[in-house]
Amino acid sequence: MKQFTSVNDVPNPKQLVESALALKRSPAGSLKGIGANKTIVMLFFNPSLRTRLSTEKAALTLGMSVIEYNAGQGWQLEFEEGVVMNGEKAEHIKEAAAVISQYADIIGIRTFPSLVDRERDYADFVLQQFMQHATVPIISLESAIRHPLQSLADWVTLEEHRPVHRPKVVLSWAPHPRALPQAVANSFVEWMKLADVDLVVTHPEGYELADTFGQDVNVEYDQHKALAGADFVYAKNWSSYRDYGKILNQDLAWMISPQKMALTNNGKFMHCLPVRRNVVVADGVLDSPASLVIEQANNRTYAAMAVLKAIL
Ligand code: AN0
Ligand code: CP
C-alpha cells in the first residue's frame with residue numbers, strides 16, 4: 001500500500017480488516033520490529049482525541065518514533081502557485097511538505113473542510129497539496145471529505161459483532177448544534193459498499209451525500225422504516241452537501257432513543273465519537289450494553305496498526 005487516503009488506496013480492504021483483527025490478537029511486545037527506525041510525523045490542523053492517541057499508540061506498538069505537530073498553530077501555509085507572499089502566510093506548501101518529508105517516513109494529516117467552498121473541499125485540496133509536494137507516504141487522519149481510519153475501525157467492530165445472517169446496517173443522520181463535515185458518513189458508505197452487509201442510509205430531505213459517495217446507496221427518508229430490523233445503527237450528524245455546510249434540520253425527533261432501538265433486531269449502536277449526549281443519542285442508548293462506541297475507539301488502534309504495517 002502506497003498511501004492511505006481512501007478505500008481506493010487499499011488493494012484488498014477485507015484483508016486489511018483481517019490484518020487489524022490479527023494485530024489485535026498479537027502478543028504484547030511482539031511487533032516492535034515492524035516499525036523500528038521509522039518515524040511518523042502527524043500534522044493536526046484541527047482537534048483530535050481518538051485519532052491522535054490511537055495512531056500514536058499504534059505507531060509506538062510497532063516500534064516507530066512519533067512526532068506530533070499542531071499545524072493549526074504553526075506557520076500559516078500558502079497553497080496558491082506564484083503568489084507574492086507579502087500577506088499573513090509565512091511558508092509555502094512546497095517547502096513545508098518537502099521539509100516534513102526529511103523528518104518523516106510517513107506523514108499523517110488531519111485537515112477539516114471549510115464547509116464554505118464546496119469545490120475546494122471536495123477536491124480534498126489540502127490533502128492533495130501535501131500528496132503532491134511530500135516525498136513520503138501520506139495517511140489521512142480525516143480529510144475534508146473522508147475519514148478512512150475511522151471506517152476501517154468501524155468495519156473491524158462490525159466483524160467482531162457480526163450475526164450469522166447478513167447484517168442490516170443503518171447509517172442514520174442525527175441532529176447536532178454545529179455544522180459538521182460529511183467525511184465520516186462519506187467514508188462509512190464508501191467502505192460498507194465493499195463489506196458483506198445490507199446498508200441503508202436515512203436522513204431528512206436535503207442531507208443527500210455527494211454523488212461520489214451516495215450513488216448506488218439505498219436511502220430511506222423515513223427513519224422508523226429504516227431502523228426496522230437493523231442489526232447495527234450507526235448515528236452521525238453531517239451538514240448539508242446540497243446547501244453546502246448548512247444546518248437544515250435540528251429536529252430532536254431524529255435523535256437515537258431507546259424507543260428507536262426497540263425497532264431494531266436487538267441492534268447494536270455505533271458512533272465514531274465525540275458525541276453530544278441527548279442530542280445525537282439518548283443516555284439510555286449510550287449507557288446500554290447495545291453501545292459499541294468504546295470498542296470502536298479501541299479498534300482505532302488496530303486499524304492504525306494495520307495501515308502503518310501495510311505501508312511500512
Ligand atoms: C468531526 C466530524 O464530524 O467530522 C470529527 C469526528 C471524528 N466531529 C466534530 O467536529 C464534532
Ligand atoms: N473519531 C475520531 O476521529 O475522533 P477524534 O476527532 O477525537 O480523533
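Student: How do the residues of the shell around ligand 1 divide into nonpolar, polar and charged?
Tutor: Ala, Val, Leu, Ile, Met, Phe, Trp, Tyr, Cys and Pro count as nonpolar, Asp, Glu, Lys and Arg as charged, and the others, Gly among them, as polar. On that basis, the shell holds 5 nonpolar, 1 polar and 2 charged.

Student: Before we go on, what kind of model is this?
Tutor: Residues are numbered from 1 along each chain as written, while chains are lettered from A and ligands numbered from 1 in written order. Side-chain values use heavy atoms, without hydrogens or water; local features need pLDDT of at least 70, side-chain atom pairs pLDDT 80 or more, totals for chains, interfaces and linings use all residues, and the model is predicted.

Student: Which residues are around ligand 1?
Tutor: Just look for a heavy atom within 4 Å of the ligand. That picks out Phe-112, Glu-142, His-147, Leu-180, Pro-181, Lys-236, Leu-273 and Pro-274.

Student: How much of ligand 1 does the protein bury?
Tutor: Areas here are Shrake-Rupley values with a 1.4 Å probe. Ligand 1 taken alone exposes 330 Å², and the protein's share of that is 84%.

Student: Which side chain has a polar atom 2.5 Å from an oxygen atom of ligand 1?
Tutor: Polar contacts pair N or O atoms within 3.5 Å. The 2.5 Å one belongs to Glu-142.

Technical notes. Polar contact = N/O pair within 3.5 Å; in protein donor to acceptor, adjacent residues only side chain to side chain.
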